[in-house]
Amino acid sequence: MPLHAAVFEAGWESTQLMQRHREVVSKRHQGRGREVISLDWTLSHHEDGFAIYGVKRSYDDVNHCMSRFQTAVTVVVANPQTFDGLAVAVQLPDFSEAARGYLRMTAQPSYEQMEAARQRLVALLHHQINQLKYRKRTEMVVDVVRQIEAEGHFPKADYAFDNGVLTLALTQLIEATGKHWVSEIESSRLVLWHGQWCRVDSVAAQLCDEHPESFRRLQVRCRNGELKQYWAFTKTIRLKRYGRKRLVIVYEAAALSGTPRFLLTDALHWESARVIQTWSYRWACEIFHEFCKQVAGCLQRRRYANESAQVRNEEAVKRHFCLSCVAQSLLGQAACQGKKLERFAFANEKQTVGQRLYSLTREVYHQLLLLVQGLFAQGRTCEQVLEVLMPD
């Protein structure tokens, strides 16, 4: 019932809520050190939720099997102390291929009856509408970044993301705002090396074999405060379409063993350490995904007995995802109050999400009891108090 009331009956707009949320969050981030906006995407599995908005059956690259899921684009801002979700957008599945197949199968040589012609026209219009509404994941990321930059709440935040959202349109948009970005690129990416186009992993292998001394030992303080050692090679190179960018090849072992990470940035003046540090902020998105899956309940594998799930239409799904951002920020700012179950000794003096949730729950119950106490003090009957707490 509380979920139904918050999602369906309350008079609020998801877009306006997120704009206000970003405004509030930006004020908490001021003066707390460097901040980076990370861009990512994730899958929300719904094996039996066939009618939920955005759910499609497709190949799951993570679990390596066919599955039903939503694709969600996520945006998170992080500083050394905390992080907050700024946006979650669900991708509308692309059913154009199936729709075209249906239209081909149902096509007739001629339509003599007006009703048959009308139904055919309606089917064609539905197909056209779906094509216009569909947005690629990378296009959705660009739209969200454009909105965030237009609001101007994070004027000093650079960007970090992986090759799953890396596009020329995204990098050009970020660079046009005067900000910088760091992205991981795939090992098969071609770079101009000594006048020839080579795969970047081939370049790394050549350097390891012929010039291992070119990898410098670095100590980098990551976003979580951990001081880690890396061995990195950096050089300004040229990529097709992207032009001149700075490449950083990163190993985590002194022997240059294991699979390297290939980082790319438009900041030609940055040193390797700063590029790696910026990239470490990207992992705030992964923590945000974990929170949404385990706590907020909107990005998890759920099973439904039937198709009558409350949160299944487009607006309801959008609201649920928006509320997950707000919930994560509220829990991130909550502090345990020192009760016996809140002393978090088992967590090495760190406040866990569960303990913060416990503290917030106690606070909510405390406010509820104060409300009930006040109502009884006014002479209200039990039925009248119930009507306030649970109106018909």
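Biologist: In the loop between which two strands is Leu256 found?
Modeller: Quick caveat first: this is a predicted model, so local features need pLDDT of at least 70 and side-chain atom pairs count only at pLDDT 80 or more, while totals for chains, interfaces and linings use all residues. Residues are numbered from 1 along each chain as its sequence is written, and side-chain values use heavy atoms, with hydrogens and water left out. Helices (H or I, at least four residues) and strands (E, at least two) are DSSP runs numbered from the N terminus. On that basis, Leu256 sits in the loop between strand E11 (243–251) and strand E12 (261–265).

Biologist: What is the phi of Leu256 near?
Modeller: Most residues other than glycine have a negative phi. Leu256 isn't a glycine, yet its phi is positive, near 55°.

Biologist: Does Leu256 count as buried or exposed?
Modeller: Here buried means under 20% relative accessible area, exposed means over 50%, and partly exposed is in between (1.4 Å probe, protein chains only). Leu256 comes out at 14% relative accessibility, so it counts as buried.

Biologist: And His194, which also has a positive phi although it is not a glycine: buried or exposed?
Modeller: His194 has a phi of about 55° and lies in the loop between E7 and E8. With 67% relative accessibility, His194 counts as exposed.

Biologist: How many residues are there between the strands in the hairpin of E7 and E8?
Modeller: Strands pair if DSSP finds at least two bridges between them. E7 and strand E8 (residues 196–199) do this in the antiparallel sense over 4 bridges, with Cys198 of E8 as the bridge partner of Val191. His194, with its positive phi, belongs to this hairpin, and the number of residues between the strands is 2.

Biologist: Which residue of E10 is the bridge partner of Leu192?
Modeller: E7 also pairs with strand E10 (residues 227–239), again antiparallel, over 2 bridges. There, Leu192 has as its bridge partner Arg238.

Biologist: Which residues make the covered face of strand E7?
Modeller: In a regular strand the side chains alternate between the two faces of the sheet. In E7 (residues 190–193), Leu190 and Leu192 are on the uncovered face, and the covered one has Val191 and Trp193.

Biologist: On to charges. How many salt bridges does the count come to?
Modeller: A salt bridge is a side-chain nitrogen of Lys or Arg within 4 Å of a carboxyl oxygen of Asp or Glu. One of them joins Arg189 and Glu186 at 3.7 Å, N to O. The total is 15.

Biologist: How many residues apart are Arg282 and Asp40?
Modeller: These two form a salt bridge, with their closest N and O atoms 3.0 Å apart. Arg282 is in the loop between helix H8 (272–280) and helix H9 (284–296), and Asp40 is in strand E1 (residues 36–45), so the pair links distant parts of the chain; the separation in residues is 242.

Biologist: Which residues are joined into one network with Arg282?
Modeller: Arg282 also meets Glu286 in a salt bridge (3.2 Å, N to O). Arg282 counts as buried because its relative accessibility is 4%, while Glu286, at 32%, counts as partly exposed. Salt bridges with shared partners tie Arg282 to Glu286, Asp162 and Asp40.

Biologist: What does Thr171 touch, leaving out residues up to four places away in sequence?
Modeller: Thr171 lies in helix H6 (residues 168–176) and counts as buried because its relative accessibility is 1%. Contact means heavy atoms within 4.5 Å. By that test, Thr171 touches Leu166, Trp181 and Tyr242.

Biologist: Which elements give two or more residues to the nonpolar patch?
Modeller: Patches take residues with over 30% relative accessible area and no salt bridge, joining like charges within 9 Å and nonpolar side chains (Val, Leu, Ile, Met, Phe, Trp, Tyr) within 5 Å. Areas come from the Shrake-Rupley method with a 1.4 Å probe, and for residues only the protein chains shown count as cover. This patch, about 670 Å², is made by Tyr365, Leu368, Leu371, Leu386, Val388, Leu389 and Met390. The elements are helix H11 (353–377) and helix H12 (382–389).

Biologist: Last one: what percentage of the 392 residues count as buried?
Modeller: The protein has 12 helices and 12 strands, and its accessible surface comes to about 21800 Å². Among its 392 residues, the buried share is 42%.
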